[in-house]
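Here's my quick note on the model you sent over. Have it open while you read, and click on each residue as it comes up.

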Amino acid sequence: MDRQIRAEKAWLIPQEMRERLNGDFSIGKLAPLRVEKITRLMSKPYPLHRYLDIMSGVFFSGVRRIVQQYGGDASRIWEGTPSSAEVVYRFLEFDG
């Protein structure tokens with residue numbers, strides 16, 4: 001999310017999305033959202049990113065990967081006490 005915006009602003013996007021989802025930022029709430037809905041959420045009342053379409057797609061893709069690859073549990077990225085290189089590799093598999 002920090003693509004051509006300040007990191008401080010990028011790191012606030014999950015909190016802003018949580019607020020726009022009425023406090024529910026769970027995978028159960030995020031998983032059924034279509035990319036168009038994510039774009040709308042990121043757009044109003046003010047845009048969360050300068051590249052809404054691209055970053056909405058990255059957000060959508062990340063949720064999809066967590067659901068499909070990690071059974072909806074992001075903590076499984078660290079499952080099995082992987083090496084730091086393996087964790088980096090797992091993160092590099094995410095779009096964006």
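The points below go through some charged pairs, a charged patch and one tryptophan.

1. Keep in mind that this is a predicted model. The distances and accessibilities here are computed from it.

2. How many salt bridges are there? The count comes to 4. As background, side chains of opposite charge can pair when their charged atoms come close.

3. One of them joins Arg 6 and Glu 8, with 3.5 Å between the closest N and O atoms. Arg 6 has 60% relative accessibility, so it counts as exposed. Glu 8 is exposed too, at 52%, which is just a matter of passing the 50% cut-off.

4. Next, look at Arg 34 and Glu 36, whose closest N and O atoms are 3.9 Å apart. That still makes a salt bridge because the limit is 4 Å. Arg 34 is exposed at 61%, whereas Glu 36 is partly exposed at 42%.

5. Then there's Arg 76 with Glu 79, a salt bridge with its closest N and O atoms 3.4 Å apart. Both partners are partly exposed: Arg 76 at 32% and Glu 79 at 47%.

6. Which residues make up the patch of positive charge on the surface? They are Lys 29, Lys 37, Arg 40 and Lys 44. Lys 44 sits in the loop linking α4 (35-43) to α5 (52-70), and its 63% relative accessibility makes it exposed.

7. Finally, find Trp 11 in the loop between α1 (7-10) and α2 (13-20). Is Trp 11 buried or exposed? It's exposed, given its relative accessible area of 70%. From Trp 11 to Tyr 89 you go 78 residues along the sequence, and their C-alpha atoms are 21 Å apart in space.

Terms used:
Residues are numbered from 1 along each chain as its sequence is written. This is a predicted model: local features need pLDDT of at least 70, side-chain atom pairs count only at pLDDT 80 or more; totals for chains, interfaces and linings use all residues. Side-chain values use heavy atoms; hydrogens and water are left out. Helices (H or I, at least four residues) and strands (E, at least two) are DSSP runs, numbered from the N terminus. Buried means under 20% relative accessible area, exposed over 50%, partly exposed in between (1.4 Å probe, protein chains only). Patches are made of residues with over 30% relative accessible area and no salt bridge: like charges are joined within 9 Å, nonpolar side chains (Val, Leu, Ile, Met, Phe, Trp, Tyr) within 5 Å. Accessible areas come from the Shrake-Rupley method with a 1.4 Å probe; for residues, only the protein chains shown count as cover. A salt bridge is a side-chain nitrogen of Lys or Arg within 4 Å of a carboxyl oxygen of Asp or Glu. Lys and Arg count as positive and Asp and Glu as negative; His and the chain ends are not counted. The place of a charge is taken as NZ of Lys, CZ of Arg, CG of Asp or CD of Glu.
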